[in-house]
Amino acid sequence: MSDMICAIATGLVRSGIGVIRMSGAGCIEAAGAVFSPMSGKPLSDTPARKLVLGTLHDAQKRPIDQCLAFISRAPASYTGEDTAEFQCHGSPAALTAALEALFAAGFRQAGPGEFTRRAFLNGRLDLTQAEAVIDLIDAPTAGAAANAAGQLSGAISARIDPIYDSLVDLLSHFHAILDYPDELLEPFEIAEAEKTLAEARGALSALLDTARRGRFISSGVRAAIVGSPNAGKSSLLNRLAGFQRVIVTDIPGTTRDTVEQSVTLGRHLLRLLDTAGIRETDNEIERQGVLRSEQAISACDLAIFVVDGSKPMTQEDHRAMDLALEASESVAVINKTDLGCVISPSDLPFSFVVPVSAKTGEGLALLEQAVDMIFPDDAPCDGSLLTNTRQTDAARRAAASIDAALASLRAGMTPDAVLVDAEDAMTALGELTGRVIREDITNRIFERFCVGK
């Protein structure tokens with residue numbers, strides 16, 4: 001990691017400001033080879049974190065831009081290495097010329113996420129904080145941004161570290177007794193070990209309980225729109241999306257496959273799936289579409305049942321309604337209220353029934369309120385939520401290992417057999433925060449990053 005890297009952090013787009021970042025041993029002196037402060041002093045003489053105005057030039061001393069620069073010295077920097085940054089005018093041509101000048105000065109192009117990866121490997125961030133960086137960049141809602149900011153501050157580690165440390169204390173006590181039998185050490189008490197493991201399991205249970213809410217915040221609620229043909233499913237998706245995402249016609253069976261569109265409804269991100277109309281059909285393509293609709297409904301977090309309220313319910317409506325009621329959560333939408341209604345909310349066996357007009361937008365505020373009530377903000381977006389599959393899987397493996405340790409302890413097995421499972425729990429927790437480094441895990445995480453971060 002000692003080589004010098006650089007990247008355009010703001011992308012090659014015309015903008016007011018373009019930022020070039022640099023990191024690595026010797027990068028401050030190398031950056032000074034292409035930047036001349038107006039003061040006449042070398043860039044390396046600049047105090048850390050102080051902006052200095054100067055001229056950016058190429059190897060032949062031809063000016064590229066007049067810009068600002070600042071430096072940070074190891075280990076008190078983002079990456080834990082010497083770093084430098086140029087704040088230039090946002091000209092793609094000037095930024096490209098600056099990058100070429102840095103290459104000539106000994107830098108190489110940084111890979112995706114390489115700055116944050118160095119921060120992790122140098123102990124400036126743990127793995128959950130590193131993940132929070134890209135989560136904050138990609139945050140689709142204010143809640144997701146707030147939770148990512150909390151994780152970046154170390155909120156997950158604050159919950160994991162006490163569990164990990166309690167297991168370390170338990171294991172170290174036991175091994176100390178084994179390794180130093182002549183020392184007057186406190187005996188290994190089974191009851192105390194059981195208490196430690198039970199408390200660790202309780203803390204992990206509380207953490208795992210946040211995973212569903214964390215997934216909703218970071219990835220959105222998977223919501224399948226289900227109904228009979230021409231109930232207005234595609235019209236509802238288009239209205240919520242704010243543009244014509246799906247073709248809408250009066251011909252039944254227009255939608256032959258599931259169509260996904262992410263929308264923000266109130267404080268929730270919904271990953272809407274417009275599904276094929278539920279009905280019996282001899283058309284093989286449409287039949288496959290109906291099968292995919294049924295699969296989407298079974299895997300969704302929320303089924304939105306849509307029925308044409310201007311007509312009596314049909315057998316196809318009842319079939320679609322039954323499928324929606326099988327979902328973990330569901331809401332009914334009586335559509336086409338602009339045409340008059342012959343179906344009333346009391347006709348539908350749902351806890352939440354909302355009359356709307358996908359054509360005019362009337363009633364969508366009530367649908368927003370219904371979704372807010374189905375998925376209440378019952379956990380703060382403070383960063384203490386598990387927000388991805390990797391984190392949840394590691395926490396579950398740790399919990400399972402502690403369960404095994406407790407079962408062995410209560411079955412009267414010897415402490416050394418019990419502590420094998422406790423060590424497995426520590427390994428899983430170490431993977432979660434990065435105390436235990438696995439190259440395949442870190443590679444997958446940083447593949448998500450953009451260049452320059």
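Terms and values

User: Why is glutamate 431 called buried?
Analyst: Glutamate 431 has a relative accessible area of 6%, and buried means under 20%, with exposed over 50% and partly exposed in between (1.4 Å probe, protein chains only), so glutamate 431 counts as buried. The structure is a predicted model, in which local features need pLDDT of at least 70 and side-chain atom pairs count only at pLDDT 80 or more, while totals for chains, interfaces and linings use all residues. Residues are numbered from 1 along each chain as its sequence is written, and side-chain values use heavy atoms, with hydrogens and water left out.

User: Where is glutamate 431 placed, and what makes its link to arginine 397 a polar contact?
Analyst: Glutamate 431 belongs to helix α14, residues 415-433; helices (H or I, at least four residues) and strands (E, at least two) are DSSP runs numbered from the N terminus. The side chains of glutamate 431 and arginine 397 come to 2.7 Å, and a polar contact is a pair of N or O atoms within 3.5 Å, where within protein one must be able to donate a hydrogen and the other to accept it, and residues adjacent in sequence count only if both atoms are side-chain atoms. The distance therefore falls inside the limit. Beyond four places in sequence, glutamate 431 is also in contact (heavy atoms within 4.5 Å) with residues including Leu127, Arg390 and Ile441.

User: How do you know whether glutamate 131 is buried or exposed, and which side chain does it meet in a polar contact?
Analyst: Glutamate 131, in helix α4, has a relative accessible area of 2% and is therefore buried. Its side chain makes a polar contact of 2.9 Å with the side chain of glutamine 391. Leaving out residues up to four places away, glutamate 131 touches Asn388, Arg390, Gln391 and Ile445.

User: What makes the second largest pocket a pocket, and what is its volume?
Analyst: On a 1 Å grid over the protein atoms alone, a pocket is an open set of points with protein on both sides within 12 Å along at least five of seven lines, whereas a cavity is a set of points where a 1.4 Å probe fits but cannot get out, and lining residues have an atom within 4 Å of a point. The second largest pocket has a volume of about 460 Å³, a volume being the space filled by probe spheres set on points that are joined across faces, edges and corners. Its lining has 22 residues, and Arg215, Ser218, Ser219, Thr387 and Asn388 lie nearest its centre.

User: Which helix gives the most to that lining, and how do its residues divide?
Analyst: Helix α8 gives the most, with six residues, and α4 (127-138), α5 (142-152), α8 (211-219) and α13 (389-410) each supply at least two. The lining divides into seven nonpolar, eight polar and seven charged residues, where Ala, Val, Leu, Ile, Met, Phe, Trp, Tyr, Cys and Pro count as nonpolar, Asp, Glu, Lys and Arg as charged, and the others, Gly among them, as polar.

User: Why are lysine 61 and lysine 336 placed in separate accessibility classes?
Analyst: Lysine 61 has a relative accessible area of 56% and is therefore exposed, while lysine 336, at 21%, is therefore partly exposed. Lysine 61 sits in the loop between β4 (52-57) and β5, and its phi is near 70°, a positive value in a residue other than glycine. Lysine 336 sits in the loop between β12 (330-335) and β13 (353-355), with a positive phi near 65°. Most residues other than glycine have a negative phi, and most peptide bonds are trans.

User: What is the peptide bond between alanine 74 and proline 75?
Analyst: That bond is cis, with omega about 0°, and proline 75 lies in the loop between β5 (63-72) and β6 (83-90).

User: How do you know whether valine 331 is buried or exposed?
Analyst: Valine 331, in strand β12, has 0% relative accessibility and so counts as buried.

User: How much of the whole chain is buried?
Analyst: Buried residues make up 48% of the 453 residues in the chain, whose secondary structure comes to 15 helices and 13 strands.
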